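Please open the structure in your viewer and keep the selection tool at hand. The tour below moves from the whole chain to single residues, one stop at a time.

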Amino acid sequence: MVDFLAENNLCGQAILRIVSRGNAIIAELLRLSDFIPTVFRLKDKSDQQKYGDIICDFSYFKGPEYYEGKLEAKPELQDLDEEFRENNIEILSRFYLAFESVHKYIVDLNRYLDDLYEGVYIQQTLETVLLNEDGKQTSMFDELIERMLVSYYRYSAARSSVDSNLDDICKLLRSTGYSSQPGAKRPANYPESYFQRVPISTTFISMVIGRLRSDDIYNQVSAYPLPEHRSTALANQAAMLYVCLYFSPSILQTQQAKMREIVDKYFPDNWVISIYMGITVNLVEAWEPYKAAKTALNYTLDSANIKEQATRYAASMESLRPQVQQLLKEGFLREEIILDNIPKLLNCLRDCNVAIRWLMLHSAESAYDPNNKRLRQIKDQVLNDSKYNPKILFQLLLDTAQFEFTLKEMFKQMLSEKQIKWESYKKEGSERMTELAEVFSGVKPLTRVEKNENLQAWFREISKQIESLNYEDSTAAGRKTVQLIQALVEVQEFHQLESNLQVCQFLADTRKFLHHMIRTINIKEEVLITMQIVGDLSYAWQIIDSFTSIMQESIRVNPSMVTKLRATFLKLASALDLPLLRINQANSADLLSVSQFYSGELVAYVRKVLQIIPESMFTSLAKIIKLQIHDIMEVPTRLDKDKLKDFSQLGARYEVDPKQLLEDGIRKELVKRVAYALHKGLIFNPKAKPSELMPKLKDMGATMDGFYRSFEYIQDYVSIYGLKIWQEEVSRIINYNVEQECNSFLRTKIQDWQSVHQSTHIPIPKFPSVDESATFIGRLCREILRITDPKVTCYIDQMNTWYDLKSHQEVTNNRLFSEIQNTLGTFGLNGLDRLLCFMIVKELQNFLTMLQKTILKDKAVVDVFKTMLTAVNPVQGIVANASKVYASAVAKSQKIWGPYLEAIMKVGQMQILRQQIANELNYSCKFDSKHLAAALENLNKSLLADIEAHYQDPSLPYPKEDNTLLYEITAYLEAAGIHNPLNKIYITTKRLPYFPTINFLFIIAQLPKLQYNKNQGMTCKKATDPVDWPPLVLGMLTLLKQFHSRYTQQFLALIGQFIRSVMEQCTSQKIPDMPSDVVGALMFLEDYVKYTKLSRKVAEAHVPSFIFDEFRTIL
């Protein structure tokens, strides 16, 4: 049993793999705790009402049929359930795998123990494993988890899988009733009843506890030789013992002798312990329900003992601070001082770390429940007796970390140079002796030295002895070196060599080199190991957060403090060794993921502390923004010499002290402030008259411009690419908000952790919604839709302007989009365009649902369509008695046109807005980036030409399915406004009966409400019955575009037939003027051709050219 953990030792490797997996599971559970979908908490009333029927706890298993029946009875619940499944199955599966690995861990541990009992591992039994050093060392769930497990069970295939462990996992993880909320009562027999769900051999538990009680498993005592440091030395073991005792609760309850022994050994001077990666436990509270444990702990908690410990550590801190500060003085820690004082320096380090550990743990807020009177009293006594001052404690931690770091680095340096220096001292000493031998030969001309063959031979022999010293055998070399030093002292005395100063100097130098050799040979790695053990700060992994405000304040006052903090963070990083040690030894694939998780946590904490730097910078920036917006005038391009002084504005300046700032911190602060400004600045009152839209956009534009100019101003001081950061972060904020807003239109939502725009290091803040919109971009879009609503406004296409229907005042025009471009940039306009696309899709889907479920299910209305179809056949002909046929069909179907008109107009309104956005984007692209605009246009044209050529001759090339060129170029074209929103296919559709007829009837039903005006085109007759022409035409055009082109052909044919039939009737009745309905229908065809950019032949195919000629005379 040379090495228990050797690769060829199957028994050691098996237990190593189990322990390594345990560490990986804990890291995964901690990682996942940040990704719990908030909806499972069912905290909000809205969540309870919406999801209460589809999220269940384990009560579901008592009657799954009842719950599923409830869902099946309501189609809308089924739809919600399906949407919920699509959005959460991925994260639920990840949680389930973590829970399953907890269960598998227990199963594997029990299998390992069974194998040991049955003698599977030759020469290994439970006793021998526990006698071995490494063998000894390797040995939170509530309703939320129940809900997640039930959801996973319902949504996954695990329920049908034969080898599924779901039942066992549910038994293991069912709610314990425990709550971590302050003041919550602890359930009876918790946690031992929870641990009893895991059937682990009582013999094994008993032997583990026996070893933990009696041995120094982790070999820490050698690093802490002083008896008063004993409890710190055994702290890791004490934490293990604390957990293991819950597997044998009888010891805690009744075995007073054992508990007294445990407390005397492990807890004589401490009652707050850290069990794993900074998770703290207060034994006063934890052992309250257990009689024997509580009694045994009473001596430790005696008021006199608490006072003794607190005053001892207070005095210790008082004396250690000046000591450490002295050691840290520039130039004090030199190599010879370290080599001469290793034990003293290590003692100082021990004392500092032990004092910091005790004070940090026993004063931690998290260790004391504020609702527990006894705990409050103990805490108050500790704070009073130790004269606790967090700033002083933090200062000692900083100094100790810096001292430890400096000492470690110097010692590592000395250790790496140890052999080279030792050999160099040996060479120097040997050469000195050889030279002295030559001096006594009488040949070397050294004044007043007589020839002495004995001394010559003796010094030659000493030189050989020094030369023969072996670095590898350090013990023998050390002993021999001491003898050589003694011999050199004696030769000086016996041969009266003191009289010759030069000989004395040679001897003294050689003795000095030999002394150096002894000191150098004593530089051992054990010192570094002791420093590593003593400097452990894993207990503070969570408590350290309580010192964040002190750290930030000290940086703000003195930025050079960052250097000392570096050492503290490095000290904290040593905590990573704890979870990674066994994973590394087991060569586990989890090493990367676990180290990334803990490193990520540490880096996040470092970022949090250092965030004070950009915060301070942005405080200065706020003053600069104020100056830039309000005080400093823009300097004109041309300026008269005599006015130069007026524009210098020397008074209004703000000095920035250039510091090396962290770019990520700057980005984080920028994102926080810009996101907040956008959230606050774009909130609109829907009742305001006139709308607040333009004033708020102007204000927001000034704010964003102030940010931009100030950022540009400050970039050179802090040596960052201001424009690059500004564009990247502002685009990220806008794109993220657009994504969040579009989530409300998606079944499968994009969660924060899936978003390409969200970041853990530079998070974009989320703000609570103030209306139906989730974000500022939604509020902006809905405000634009509100003020341009076709029910209250009239859009004049030639002027790109909306007018109020009643007052005829201008509401807004295309300058609105220039203002949005100025405020939110291209990203904002593009985001708005994307959001409008989603809204159009939703509107069209709702429209089709209405058509299929309401209109086509109404028998009376469908009969009207059938009669109409019969009356108009063949479409090429003329309808006899046209006015009566058409008027009758419109009258009978009148009730369906209200919602139909509303849907069509909404789509048309949004299409007009999309056109305006495309125009603005295209204009600014040509103006700001003419080369990009030209390149995109040419690439687009050439691609379309190639695709057309391919369809004419399939042997010509065409982008393959896996080629993303067309997809990528579309994004560029839309961002540059080089696209036509009217040609876009928004939804996939199926064949619908009577579809052209329905749309034709709808159009002719609207024509009587409209009139032709030479100046304004088609306008509505009455403001009380509003129909806005451009949204009507564009809405109908968009709707038809979603279906097969034959529907459009049939629809246009019906319009043509209507015009011909009514004109025929007018001619036969000798009515000279063209009826207004015919004028409207002809205007529709004219506008249809204009907007679709089709050939005029499309319209003339259905209407004779002489009718168009007559129509033009009216225009």
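What follows is a list of things to select, in order, with a note on what is found at each stop.

This is a predicted model, in which local features need pLDDT of at least 70 and side-chain atom pairs count only at pLDDT 80 or more, whereas totals for chains, interfaces and linings use all residues. Residues are numbered from 1 along each chain as its sequence is written, and side-chain values use heavy atoms, with hydrogens and water left out.

Of the 1115 residues in the chain, 49% are buried, where buried means under 20% relative accessible area, exposed over 50%, and partly exposed in between, computed with a 1.4 Å probe and protein chains only.

Next, select Phe58, Tyr60, Phe61, Tyr66, Tyr67 and Tyr153, which ring pairs link into a cluster. Rings of Phe, Tyr and Trp (its six-membered ring) pair if their centres lie within 6.5 Å, and planes under 30 degrees apart count as stacked, over 60 as edge-to-face and the rest as tilted. By this rule the count comes to 39 aromatic pairs. One of them joins Tyr60 and Tyr67, a tilted pair with 5.6 Å from centre to centre and 35° between the planes. Tyr60 is buried, at 0% relative accessibility.

Then select Phe745 and Phe838, which form a stacked pair at 6.3 Å centre to centre, with 25° between the planes. Phe745 lies in the loop between α34 (722-743) and α35 (776-787) while Phe838 lies in helix α36 (residues 815-855), so this pair ties together parts that are 93 residues apart in sequence. Phe838 is partly exposed, with a relative accessible area of 23%.

Move on to strand β1 (residues 272-276), where four of the five residues are buried. β1 pairs with strand β2 (residues 279-282) in the antiparallel sense over four bridges, and two strands count as paired if DSSP finds at least two bridges between them. Ser274 stands opposite Thr280 in β2. Between the two strands of this hairpin are two residues, and Met277 in the turn has a positive phi of about 45°.

Now select helix α45 (residues 1076-1092), in which 14 of the 17 residues are buried. Lys1093 follows α45 and has a positive phi, near 60°. At Lys1090, the charged end sits over the ring of Tyr1091, 4.8 Å from its centre; the rule asks that NZ of Lys or CZ of Arg be within 6 Å of the ring centre and within 35 degrees of the ring normal.

Where is the cysteine sulfur nearest to that of Cys348? A search of the whole structure finds zero disulfides, a disulfide being a pair of cysteine sulfur atoms within 2.5 Å. For Cys348, the nearest cysteine sulfur is that of Cys352, 4.3 Å away. Cys348 is buried, at 5% relative accessibility.

Finish in the loop between α37 (859-872) and α38 (882-892), where Pro874 is found. The peptide bond from Asn873 to Pro874 is cis, with omega near -10°. Asn881 is found in the loop between α37 and α38; its phi is near 55°, a positive value in a residue other than glycine. Asn881 counts as partly exposed, at 47% relative accessibility.
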